[in-house]
Amino acid sequence: MDKQLLIFDFDGTLIDSVPDLADATNAMLTTLGKETYPIETIRNWIGNGSRLLVERALVGKVEVLENELTVEEADHAEHLFFEAYKNLSGSKTVAYPDVDNGLKKLKNAGYTLALVTNKPIRFVPKILQSFGWQDLFSEVLGGDSLSTKKPDPAPLLHVCEALNVSPEQAVMIGDSRNDILAGQNANMDTLGLSYGYNYGQDIRELNPTEAFDSFQALQDYLLK
Ligand SMILES: O=C(O)COP(=O)(O)O
Ligand SMILES: [Mg+2]
């Protein structure tokens, strides 16, 4: 493939972090004396960063209506979630099959790698370190690194600028509509992965440039 820069999403693309995110969400709900949810429900609330995950858990559904929660209520719950996730993050999180090897092969093949996640940046270095990936990525941005997050194109364009690569030379790779829309909004090719978290919707419905059912298939395509 004639691209230079691969911008990866994190949760649902490289790592399966749902078990830890679900535990932290349920710990927060338990502290608040509220009903907890099964992991399969919580999986469909991931993708727009921690704040929206917390708000969705508080109302028990994906769509959070205006005025359904007070800012104070959501702030307090988010604080409880952060405390729980700080302790839990990484304990049940695993890399998807072939990701560890695949990332190293792609880097060795000459691609520049970057990471753009909607996860708050403070949780990212510890997880990268736990997989020994701290030196793989030339740029790493979290959901709160800039004033906007995916599906806004700003984080992707920021990475391109920092690495002096044009959007045409970059490709966004992710599991969620937020990744595909961010890439499309940045005028980049997009590669979708079907195994992650996309609100239960097939990633192909977002019309990515290509879509794959495994990291191995993605890797084969990129190394062709
Ligand atoms: O934190 C989230 O909501 C999702 O994170 P991601 O952007 O790495 O998939
Ligand atoms: Mg994701």
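Q: What are the helices and strands that the numbers refer to?
A: This is a predicted model, and helices and strands are numbered from the N terminus. A helix is a run of at least four residues marked H or I, and a strand is a run of at least two marked E. Both kinds of run come from DSSP.

Q: Which loop holds Pro 151?
A: Look at the two elements on either side of Pro 151: strand 5 covers 139-141, and helix 7 covers 154-163. Pro 151 sits in the loop between strand 5 and helix 7.

Q: Is the peptide bond from Lys 150 to Pro 151 cis or trans?
A: Most peptide bonds are trans. For the bond from Lys 150 to Pro 151, though, check omega, which is near 15°. That bond is cis.

Q: How far is an oxygen atom of ligand 1 from an N or O atom in the side chain of Lys 150?
A: Lys 150 is one of the residues around ligand 1, a list that also includes Asp 9, Asn 48 and Lys 119. Between an oxygen atom of ligand 1 and an N or O atom in the Lys 150 side chain, the distance is 3.0 Å.

Q: Which residue has a polar backbone atom 2.7 Å from an oxygen atom of ligand 1?
A: Phe 10 and Gly 49 are both among the residues around ligand 1. The 2.7 Å distance belongs to Gly 49.

Q: How many nonpolar residues are in the contact of helix 1 with helix 4?
A: From helix 1, the contact includes Leu 21, Ala 24 and Met 28, and from helix 4 it includes Leu 80, Phe 81 and Tyr 85. Of the residues in this contact, 2 are polar and 2 are charged. The nonpolar ones number 10.

Q: Is the crossing of helix 1 and helix 3 left-handed or right-handed?
A: Helix 1 and helix 3 (residues 50-59) pack at about 55°, with axes 10 Å apart. That makes helix 1 oblique to helix 3. Their crossing is right-handed.

Q: Is helix 5 roughly parallel or roughly perpendicular to helix 9?
A: The axes of helix 5 (residues 99-108) and helix 9 (residues 215-222) come within 10 Å and cross at roughly 10°. Angles under 35 degrees get one label, and that makes helix 5 and helix 9 roughly parallel.

Definitions and conventions: Residues are numbered from 1 along each chain as its sequence is written. Chains are lettered from A and ligands numbered from 1 in the order in which they are written. This is a predicted model: local features need pLDDT of at least 70, side-chain atom pairs count only at pLDDT 80 or more; totals for chains, interfaces and linings use all residues. Side-chain values use heavy atoms; hydrogens and water are left out. Contact means heavy atoms within 4.5 Å. Ala, Val, Leu, Ile, Met, Phe, Trp, Tyr, Cys and Pro count as nonpolar, Asp, Glu, Lys and Arg as charged, and the others, Gly among them, as polar. A residue is near a molecule or strand if one of its heavy atoms lies within 4 Å of it. A polar contact is a pair of N or O atoms within 3.5 Å; within protein, one must be able to donate a hydrogen and the other to accept it, and residues adjacent in sequence count only if both atoms are side-chain atoms. Axes are lines fitted to C-alpha atoms, for helices over the stretch in contact, and angles run from 0 to 180 degrees between N-to-C directions. Angles under 35 degrees count as roughly parallel, over 145 as roughly antiparallel, 65 to 115 as roughly perpendicular and the rest as oblique. A crossing is left-handed if the near helix is turned anticlockwise from the far one by less than a right angle, and right-handed if clockwise.
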